[in-house]
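Look over the sequence and the model below.

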Amino acid sequence: MSLGDDGYGGDSRSGRTDDGYSTLGGTRQTRTRFADGTSGDGYGSNRRPARSSRSLTMVVGVVVLLVAAIAFANMGGGGDDSGSSGGSGGSKAGAAPTAATGTKPVTGKNGTIASGFAHNEQGAQSAATNYAVALGSAEMFNATARRGILQATHDPAVVERLQTDMDKAYSASLFKNVGLNEDGSTPSGLTFVSRTVPVGTKVVKQSDDTATVEVWCTGLVGMAGQGSTKPVTETWFTITENLKWVQNDWKIESSNQTEGPTPVTGDNRASTADDIAGAVEEYGGFTYAR
């Protein structure tokens with residue numbers, strides 16, 4: 001689950017671009033479609049008070065979600081600046097409540113990631129949402145799976161350089177900090193959790209073949225299971241993706257992440273480590289669509 005001008009990373013404070021089709025109208029909203037099975041996550045020990053100060057565990061969780069920002073900062077805008085400038089025909093879109101539109105989200109899949117998004121505003125929002133989920137998944141901690149995710153979600157023009165940067169960012173020291181073994185594998189008896197759960201989307205700018213889409217998310221990250229010293233915690237962040245219409249689909253040129261908006265923590269009783277580990281294994285994910 002996604003420190004300056006970066007990508008799926010930490011304390012960035014910027015990131016916008018264009019996108020969409022020529023004729024765009026209606027509200028900008030997000031709906032959820034069941035695709036594979038289920039989805040779930042949680043936490044693992046005693047509940048903390050609302051808005052409590054962050055512990056070392058939470059800090060580590062944020063690092064996990066946002067470490068990729070280091071790599072995205074290095075890659076810059078990913079080619080020309082058409083994604084951020086919006087072009088001469090770019091327009092700025094406003095926010096709208098999240099709701100279903102009834103439009104079919106995708107026509108296929110690229111591996112496990114949805115693909116074939118519509119060449120319009122709805123398609124851009126759907127693409128940005130599904131890409132945020134993939135880039136915030138536990139699979140990003142596996143080198144082979146990570147490279148496949150980057151190829152499926154990014155403009156081919158930036159993939160090679162991004163893969164090199166990401167391989168450096170996902171290092172043995174990072175794995176150790178989040179409780180994984182030095183090779184990125186999960187210690188025996190534990191379940192590593194890294195999930196991004198989109199809450200809503202907003203188109204910031206759009207033109208015919210570029211778009212900037214913000215995806216407001218909550219994330220779950222940590223190690224579930226008996227004996228875990230890094231319990232699963234919750235974070236809130238907004239990912240800004242600069243999309244480009246490439247090879248008949250929306251792809252990411254560059255992205256960044258900022259903290260929040262963060263709601264007040266509720267009074268739900270925290271589940272046990274075993275409950276969280278079981279939920280992660282039993283509940284699958286969704287295909288998201290506006």
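How are α4 and α5 oriented to each other: roughly parallel or roughly antiparallel?

## Helices α4 and α5

This is a predicted model. Helix α4 covers residues 121–135, and helix α5 covers residues 143–153. Their axes come within 10 Å and cross at roughly 165°. Angles over 145 degrees count as roughly antiparallel. The two helices, α4 and α5, are therefore roughly antiparallel to each other.

The crossing of α4 and α5 is left-handed. On the α4 side, Tyr131, Ala134 and Leu135 make the contact. On the α5 side, the contact residues are Ile149, Leu150, Ala152 and Thr153. By class, six residues of this α4–α5 contact are nonpolar and one is polar. None is charged.

## Helices α5 and α6

Helix α5 also packs against α6, which spans residues 156–169. The axes of α5 and α6 come within 10 Å and cross at roughly 145°. This crossing is right-handed, whereas that of α4 and α5 is left-handed.

From α5, the contact draws on Arg146, Arg147, Leu150 and Gln151. From α6, it draws on Val159, Leu162, Gln163, Met166 and Asp167. The classes in the α5–α6 contact are four nonpolar, two polar and three charged. Leu150 of α5 takes part in the contact with α4 and also in the contact with α6.

## The network at Asp167

How many salt bridges does the structure hold? There are three. Which residues are linked in a network of salt bridges? They are Arg146, Arg147 and Asp167.

Asp167 and Arg146 meet through their side chains at 2.9 Å, N to O. The pair links distant parts of the chain, with Asp167 in α6 and Arg146 in α5, 21 residues apart. Arg147 and Asp167 form another salt bridge, at 2.7 Å, N to O. Arg147 lies in α5 and Asp167 in α6, so this pair ties together parts that are 20 residues apart in sequence.

Asp167 is partly exposed at 26%. Arg147 is partly exposed too, with a relative accessible area of 35%.

## A salt bridge between strands

Lys202 and Glu214 form a salt bridge, with their closest N and O atoms 3.5 Å apart. Lys202 lies in strand β5 (residues 191–206) and Glu214 in strand β6 (residues 210–224). The pair therefore ties together parts that are 12 residues apart in sequence.

The partners fall into separate accessibility classes. Lys202 counts as partly exposed, at 31% relative accessibility. Glu214 counts as buried, at 9%.

## Asp183 in the loop

Where is Asp183 placed? Asp183 sits in the loop between α7 (172–177) and β5. At 61% relative accessibility, Asp183 counts as exposed.

Asp183 and Ala143 are 40 residues apart in sequence. In space, their C-alpha atoms are 9.7 Å apart.

Note on methods. Residues are numbered from 1 along each chain as its sequence is written. This is a predicted model: local features need pLDDT of at least 70, side-chain atom pairs count only at pLDDT 80 or more; totals for chains, interfaces and linings use all residues. Side-chain values use heavy atoms; hydrogens and water are left out. Axes are lines fitted to C-alpha atoms, for helices over the stretch in contact, and angles run from 0 to 180 degrees between N-to-C directions. Helices (H or I, at least four residues) and strands (E, at least two) are DSSP runs, numbered from the N terminus. Angles under 35 degrees count as roughly parallel, over 145 as roughly antiparallel, 65 to 115 as roughly perpendicular and the rest as oblique. A crossing is left-handed if the near helix is turned anticlockwise from the far one by less than a right angle, and right-handed if clockwise. Contact means heavy atoms within 4.5 Å. Ala, Val, Leu, Ile, Met, Phe, Trp, Tyr, Cys and Pro count as nonpolar, Asp, Glu, Lys and Arg as charged, and the others, Gly among them, as polar. A salt bridge is a side-chain nitrogen of Lys or Arg within 4 Å of a carboxyl oxygen of Asp or Glu. Buried means under 20% relative accessible area, exposed over 50%, partly exposed in between (1.4 Å probe, protein chains only).
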